[in-house]
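This report covers helix packing and charged side-chain pairs in one structure. Please keep the sequence and the 3D view at hand.

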Amino acid sequence: MFYENLQRACDERKIPVTNLVAELGLSSGNLSSWKKGNKPRSDTLIKIAERLGVSVNYLLGDDSADPKELFYARYAALSPQDRKTVDAVISALEESQSNQK
């Protein structure tokens, strides 16, 4: 399912899948794995979705994406400064929620 959706998204954008894989710094071995039905890691999935302008769920063909895992992958890809910003926002939200109780 993933590979078919990836192929469709690439075709619609006139981007060869092999070019996308190279552009994202992935090995061609990933394509073989995906053609066999395997799914990419969360961080790779996010990179692909962002590059193609589609949702992760579109690529997966369902709602099987674990939101916590995807959030962590996106968080892990941030710079240290951006992580501090995200941490500050989360802390502020937690404080706001605890003040409302």
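## Helix packing

H1 and H4 cross with a left-handed sense. This is a predicted model. H1 spans residues 2–12 and H4 spans residues 42–52. The two helices pack at an angle of about 25°. Their axes lie 11 Å apart. Angles under 35 degrees count as roughly parallel, and H1 and H4 are therefore roughly parallel to each other.

## The H1–H4 contact

Which residues of H1 and H4 make the contact? From H1 come Phe 2, Leu 6, Ala 9 and Cys 10. From H4 come Leu 45, Ile 48 and Leu 52. By residue class, the contact of H1 with H4 holds seven nonpolar residues.

## Salt bridges: overview

Side chains of opposite charge can pair when their charged atoms come close. How many salt bridges does a search of the whole structure find? The search finds three. Each is taken in turn below.

## Glu 23 and Arg 51

Glu 23 and Arg 51 form a salt bridge through their side chains, with an N to O distance of 2.5 Å. Glu 23 belongs to helix H2, residues 17–23, while Arg 51 belongs to helix H4. The pair therefore ties together parts that are 28 residues apart in sequence.

## Arg 13 and Glu 12

A salt bridge joins the side chains of Arg 13 and Glu 12. The N to O distance here is 3.4 Å. Arg 13 is partly exposed, with a relative accessible area of 31%. Glu 12 has 52% relative accessibility. The cut-off for exposed is over 50%, so Glu 12 counts as exposed.

## Asp 43 and Arg 41

Asp 43 pairs with Arg 41 in a salt bridge. Their closest N and O atoms are 2.7 Å apart. Asp 43 is partly exposed, at 26% relative accessibility. Arg 41 is exposed, with a relative accessible area of 57%.

## Summary

H1 and H4 are roughly parallel, and their crossing is left-handed.

How values were computed. Residues are numbered from 1 along each chain as its sequence is written. This is a predicted model: local features need pLDDT of at least 70, side-chain atom pairs count only at pLDDT 80 or more; totals for chains, interfaces and linings use all residues. Side-chain values use heavy atoms; hydrogens and water are left out. Axes are lines fitted to C-alpha atoms, for helices over the stretch in contact, and angles run from 0 to 180 degrees between N-to-C directions. Helices (H or I, at least four residues) and strands (E, at least two) are DSSP runs, numbered from the N terminus. Angles under 35 degrees count as roughly parallel, over 145 as roughly antiparallel, 65 to 115 as roughly perpendicular and the rest as oblique. A crossing is left-handed if the near helix is turned anticlockwise from the far one by less than a right angle, and right-handed if clockwise. Contact means heavy atoms within 4.5 Å. Ala, Val, Leu, Ile, Met, Phe, Trp, Tyr, Cys and Pro count as nonpolar, Asp, Glu, Lys and Arg as charged, and the others, Gly among them, as polar. A salt bridge is a side-chain nitrogen of Lys or Arg within 4 Å of a carboxyl oxygen of Asp or Glu. Buried means under 20% relative accessible area, exposed over 50%, partly exposed in between (1.4 Å probe, protein chains only).
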